[in-house]
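Trainee: I would like to go through this model with you step by step, asking about a few places in turn. Could we begin once it is on the screen?

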Amino acid sequence: MAKVSKILLDRDYARMPVPLARRRGWIRLSLIWVAMGVDLSALVLGSALASGMTLLKAMIAVSAGSLILASIGAACSYVGSTTSLSTAMINRFTFGERGAMVVILISTITFLGWFGVTAGFFGESAHVVIKTVIGWDVNPRWFILIGGILMTGTAAIGYKAIEKLSFVAVPLMLSFLAGLILKLYMEGNQLSLLLTMLPEGDPMGLGTAISLVVGAFILGCAGSPDVARWAKNSKDAVLSGFFGFLIGNSIMMFVAAFLSRLTGTEDVIQIMLSIGWGVIAVILLILAQWTTNDNHMYSVGLNLSVLFKWIPKRVLTVIAGMVGTLFALLGIYEKFIGFLTVLSPFAAPIAGIYLVEYFFLNRGQFQIVYLREMKVSAIRWHSLTVWLLSALLAMMTTPSEDGGLGLFTLTQIPVLDGLFTSMFLQYVIGKALVRFKGKATNSENQGA
């Protein structure tokens, strides 16, 4: 009881740097990202890739997308560790005090949508598993509600609870998945045949597949300072961000793609049930969704604590959890791929903009003292403009059949189009503004 009380009363440093004495090593932080990546939405996406291309191409797409995410995640984690601040606090430097409110609000809505998607998958899958294993035909909405409560509860307690849950859940989940693949593969399937077998579904381009893989986790990359601020040093932050995103994003998609091609079905939960692993399916289902959605809601709580400073973070987290659960009850999870298409263009530029600001333009201003002394601009219009232009361009390069405008192509990966565009525009405009201000200052001095 004493340990429970200590966790519940633990401070979470929502609007201030995390003290050095409270920092963690990279392995613990990596477990959080791995736990976040092992979820049912990754299973759905991995299966969708396997149904639209050969298994070999699906593995290439997952590997390439995960490597891109790992690189972005490592860079964003570095910023989080050196500033010791959350993503919402960092956005105040890049978009201004009031300008950041717009970005934070949209990010919050996106995270709530993700929470609804994940909770919805949990409810539907739990319904199937319980009905098959026990025979109870319970309405999926009850499972959505129960899942929403569990996920919100961990997030409301804070980082320490998320870390402890991930520390227990990740080894269990990876062991289950490895055992499942080994059991099915040992039944006599040939790997070479599986890798080259043509898909039965509509063909999917490699660029689109990589974009979907990156889009599935890009919001997590942009928000990685929320966890990386707890790193002992920048090295721990970079290692955790790189390996956490590389492994966490890829493992579940690899498993789903492999099992989908191995068995001819896209439903991994049904595969577990068919071989008599009903109890394991229930455990995996609960842990996978729980360890993913508590991270989403944790970031929501940090965002809202910046928007509503006078309300305790835990109260805001609970309220947000209720809203996210409502999204799930309304069926947002039924629009999963479409949701990714809309999400990605707006999420990637956020990371691009603050990375350029920190590494190339205004690193010295990323200090809490500038916020406390109100030295940060109210609105940084050029950052907001770059963000919107980059998101619009990414929508233009997204094929119309995938929910975008499909006007032209650049890198063949729309989410990267938005990221690189935001970095380029932010750098060019930022440098131009510095020169303009320098000339204006010189003119004033000469006039005096």
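Trainee: Which residues does S299 touch, not counting residues up to four places away in sequence?

Mentor: Please keep in mind throughout that this is a predicted model. S299 lies in helix α14, which covers residues 278-307, and S299 has a relative accessible area of 7%, which is under the 20% cut-off and therefore counts as buried. Leaving out residues up to four places away in sequence, the contacts of S299 are F111 and D226.

Trainee: How many of the 12 residues of α2 are buried?

Mentor: Helix α2 covers residues 26-37, and at 1.5 Å a residue these 12 residues should span 16 Å, which agrees with the 17 Å between the C-alpha atoms at its ends. Among the buried residues of α2 are L29, W33 and G37. Helix α2 is largely enclosed by the rest of the structure, because the number of its 12 residues that are buried is 9.

Trainee: Which helix gives the most to the lining of the largest pocket?

Mentor: The largest pocket has a volume of about 310 Å³, and of the 15 residues that line it, N362, Q365, S377, R380 and K437 are the closest to its centre. The lining residues divide into 6 nonpolar, 5 polar and 4 charged. Both α16 (336-361) and α19 (414-447) supply at least two residues of this lining, and the helix that gives the most, with 4 residues, is α19.

Conventions:
Residues are numbered from 1 along each chain as its sequence is written. This is a predicted model: local features need pLDDT of at least 70, side-chain atom pairs count only at pLDDT 80 or more; totals for chains, interfaces and linings use all residues. Side-chain values use heavy atoms; hydrogens and water are left out. The expected span of a helix is 1.5 Å times one less than its number of residues. Buried means under 20% relative accessible area, exposed over 50%, partly exposed in between (1.4 Å probe, protein chains only). On a 1 Å grid over the protein atoms alone, a cavity is a set of points where a 1.4 Å probe fits but cannot get out, and a pocket is an open set with protein on both sides within 12 Å along at least five of seven lines; lining residues have an atom within 4 Å of a point. Grid points are joined across faces, edges and corners, and a volume is the space filled by probe spheres set on the points. Ala, Val, Leu, Ile, Met, Phe, Trp, Tyr, Cys and Pro count as nonpolar, Asp, Glu, Lys and Arg as charged, and the others, Gly among them, as polar. Contact means heavy atoms within 4.5 Å.
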